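Here is my notebook on a first walk through this structure. Come along and check each entry with me.

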Amino acid sequence: MSSSAADAAPKTAAAARAAAAAPEGVLLRRLRYAEPATLLWIVLIGVLVVLVVWPVAELLLTSLRSARTGTFTLSNYAAAYGRTRYVDALLNSLALGAVSAAICAVLAVPMAWAASRTDMPGRGFAWLTVLAAFIIPPYLGAIGWILLAGPNSGWINQAWMWLTGSEHSIVNVYSFWGLAFVIALNAYPFVFIFAKSGLDLISSEMEDAANILGAGTWLTTMRITLPLVGPAILAGVILVFLETIALFGTPAIIGIPARINVVTTQLWQFFEAPVRAEVAAAYAMPLLLITALLILVQRLLLGRKGYVSQTGKGGERRPIPLGPLRWVMFGWCVLVFLLSVAAPMVALVQASFAKAWGRGFSFDNLTLGNYTYLLFEHDAAWSAVVNTFVFAAASATFAVVVALAIAYIVKRRVMPFGSLLAFLCMAPFVIPGIVMAIGFYAAYAGPPLLLYGTSAMMILAFTTRFLPIAYANGAAGMQMIHPEMEEAVRILGGGRITAIRRVVAPLLKKALLGGWLLVFILATRELSAAIFLVGPETRTISVLLYDLSEEGNFEVLSALGGILLVITLAFVGIGMKLIGRDFMLRRE
Amino acid sequence: MNSGDRRLGRRAFGALAGLGLAAPRVLRAQTATEMAPHERRLYEAARARNEQVTWYTAHYNSETAEAIGRAFDETYPGVQAKVVRTTAQVAFQRLSQDMRARVQNCDVFSSTDVGHYVQLKADGKLEKYVPENTSQIIADLRNIDPDGFYHTTSIGTVLINFNADRVKPEDRPRKWTDLLDPRWKDRVTVGHPGFSGYVGTWVVMMRKLYGWDYFTRLERNKPQIGRSINDTVTMLNSGERWVGAGPGATTLRSASRGNPLGVNYPEDGTLLMISPSAIVKGTRNPNAARLFMEFLLGKRASEVQVQNYSEIVRSDVPLFPGAKNLSEVKLIRPTTEEIDQGIPEVKELWRETFGV
């Protein structure tokens, strides 16, 4: 992955050069002597204009225009925020985002620490738990949890009532905490992956220093290790927060029965007839301000401190012996596994092999029919499977290449306006998929590009949607690499591209592959933009799942979810195998 | 048809059923080899101009919509239907975007929300066309637009569904008002009028029959509120809820797989949902679009719908198992104006009463 990312950089630079070659004369000569990074910078600006600026500008213009006359107006904003209920929805979203992010940190940080820094048994198991939790589309997990924790029929509640003879249920998924918990059980992998990739890069020297000075394992972890990976954890937490407020599926499935209105379900209301896209656009605008604010906060928090821990001077990593405590940590991982993967999956797998899932477990209710129907009889299923993985791979590659290049420019301050580029990269995250899809649709569906219904449209939309993840990942990695190694390349006569290709990319290989897998997985389960941009030839599994959920066809839905998970797992397994072996070689 | 609680004509059903028995040959003329003359004219014109039809549809689930598109392709080789299936609001949003961008993507528009047609017609965005095949559909479904811009091509029902394992036969609700019985506290499931056109129309109808008081009393039973009307089927299947106001077709489709579900056609009326289709003004494929409208009303399209557990606009095609012939039940339905004006009102009232 990293090598292709690095190869792509000179390629895009070359393409820019070729493009720039057309106007002759001064410009050509000037460009010939320009640093490749300058050309790359220009190309990147072009890419960001296509991916982010234009669609968002269309949105902004929509929000400021009267729907009927097209004249300038602020009335859309008045309509969007003129009611208590609408403002409450925004506050609910913020509270939900904060609580979910906090639960994620509690679940994931101990796991990441134990898996990365200690001799806990089953470290691979922790990693697999996270991956499994992550590839479960949020709406599938939510349906699983409704089966488990529904107040009347949930398995947990039935078991509780049977065991204690109580007439009251113990858990209720249809509540604010239920909703936050279900979201967190799906989103904690963000925090885990960010924290772990940070922890993996820290050498033991600093912990050794603390130990020598008399600090025990606990104190060292709290005062040295975790603060060092603060930026990575914070990046993960912020992503969960933003992901939560932009999430549509789970709040719709659980929040509406729980009578909790959030931003995305409110946005949906603006799309009821009469459609008020301009009010929806206005309603979505403050979310952009929130992103900007969060990025600012992150910068202020991290600004003065040096977090560079990977230097050119080597360093050794040794697992911390935990003694009996390692079983406690392992127990925690098992608990998270049960909650986030095993329990909802059992419910879904049962449904996927059931003739009628309402009948529960019994042998005469078992069938392979749902799978054979999808694999051999369904017309759309196969093309949806192919589309899903082609789109996911293409957008993951595109996003990681762009993100690495921008992260490099920003972190190394190669060119001006780096922070603007960074902001543009992060902005798509808080634009709920359906709103972003409208921006894309307005910008690219019609003439001159006519991209509606094409694969290009889906790939562009997915790339934009997950560019923030790729960027946050790349930037967190860049943060940890000291420039001195690249400076060494420069001193020895290598150009900047050489430095990126031979030094930065190999060092970031893990972070880049992690970022690629993240985007890949997210793109395989993307729903909210896809549902709006999809054409007859570009349907994906998530769109089919949504259709099946709409028609209450839960057995086939679960089987299709199962197929999605199996194929995704296979891809992820291959990725892990490739990078895992490489990683081991490098360490030993 | 336009009066709220009038029974949908039994006579019309009877007459059509009789026609179906007496003249199978007339109806077999629907096959590819024996097209009716008006269909052949359109087909040949569409072939000559190399026309294809793009169909934005919110009717049916995607499988059924695709199957109808395929059946059209098979019936009329060389004229293809491009099926773009989404929910009603997204389809309408997409059409509006097309119109704003002056792109002519959509030839035939099929929404479940009658209000869309009222608005499109008022804005002069629909092409007037009265398909000849409208004469073959159930009489009361004809002429929903007196000016002939849009026509019923799909129907559905909202009735009482229940979990047959949890609710004993003698306890099963028979009337809509039975759902208000305190015995169903924490046991009722409904959809949301802000998401589902079916639910919105049902709410308008209940308000018309019993006043908004129906819903303030329903709230005392703390109903589970989903989004789509089909969410009631999911909730009943899981046993989370026991009785609901749900869709006839989806409930029976799920029951046919062995799920413990049943339906009652309420004594105070089964809500009939009428979903129209129309040709979009300025279509570049006028013959293919017209041919497609004829096809949607033809026998072949009805057969495909029945195979996929959809209710149909014709009475000469046998229904799927478990479905009652709608001529045997009391049908109720608000007028187009009541739906168009009522749904925005009841959505507001709904959010005040239920808080979401």
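**Entry 1: strand pairing.** Before I look at any strands, I note that two of them pair if DSSP finds at least two bridges between them. Helices (H or I, at least four residues) and strands (E, at least two) are DSSP runs, numbered from the N terminus. I found Val158(B) standing opposite Leu271(B) in β10(B).

**Ground rules.** I am working with a predicted model, where local features need pLDDT of at least 70, side-chain atom pairs count only at pLDDT 80 or more, and totals for chains, interfaces and linings use all residues. Residues are numbered from 1 along each chain as its sequence is written, while chains are lettered from A and ligands numbered from 1 in the order in which they are written.

**Entry 2: confidence.** I looked up pLDDT, the predictor's confidence in each residue, from 0 to 100. Chain B has a mean of 87, with 90% of its residues at 70 or more. Over residues 1–32 of chain B, pLDDT stays under 50. Where pLDDT is low, the predicted coordinates should not be read in detail. For the complex, I noted an ipTM of 0.72 and a pTM of 0.78 from the predictor.

**Entry 3: the partners of β5(B).** I went back to strand β5 (residues 150–163) of chain B and found 14 of its 14 residues buried. A residue is buried if 20 or more other C-beta atoms, placed from the backbone, lie within 10 Å of its own, exposed if 12 or fewer, and partly exposed in between. Which strands does β5(B) pair with? I counted eight bridges to β10 (residues 270–280), running antiparallel. Five bridges, also antiparallel, link β5(B) with β8 (residues 243–247), where Phe162(B) has Val243(B) as its bridge partner.

**Entry 4: the core.** A nonpolar core is a set of buried Ala, Val, Leu, Ile, Met, Phe, Trp, Tyr and Cys residues joined through C-beta atoms within 7 Å. The largest one here has 309 residues, and Leu560(A) and Phe292(B) are among those with the most contacts inside it. Helix α18 (residues 379–411) of chain A gives the most to this core, with 20 residues. I count two residues as in contact if their C-beta atoms, placed from the backbone, lie within 7 Å. Beyond four places in sequence, the contacts of Leu560(A) include Leu374(A), Ala381(A) and Ile541(A).

**Entry 5: Phe462(A).** Leaving out residues up to four places away in sequence, I see Phe462(A) touching Phe391(A), Ser395(A), Ala523(A) and Glu526(A).

**Entry 6: where the chains meet.** I found 42 residues from chain B and 38 residues from chain A in the contact. On the side of chain B that touches chain A, α5(B) gives the largest share, six residues. That side has eleven nonpolar, 23 polar and eight charged residues. By class, Ala, Val, Leu, Ile, Met, Phe, Trp, Tyr, Cys and Pro count as nonpolar, Asp, Glu, Lys and Arg as charged, and the others, Gly among them, as polar.
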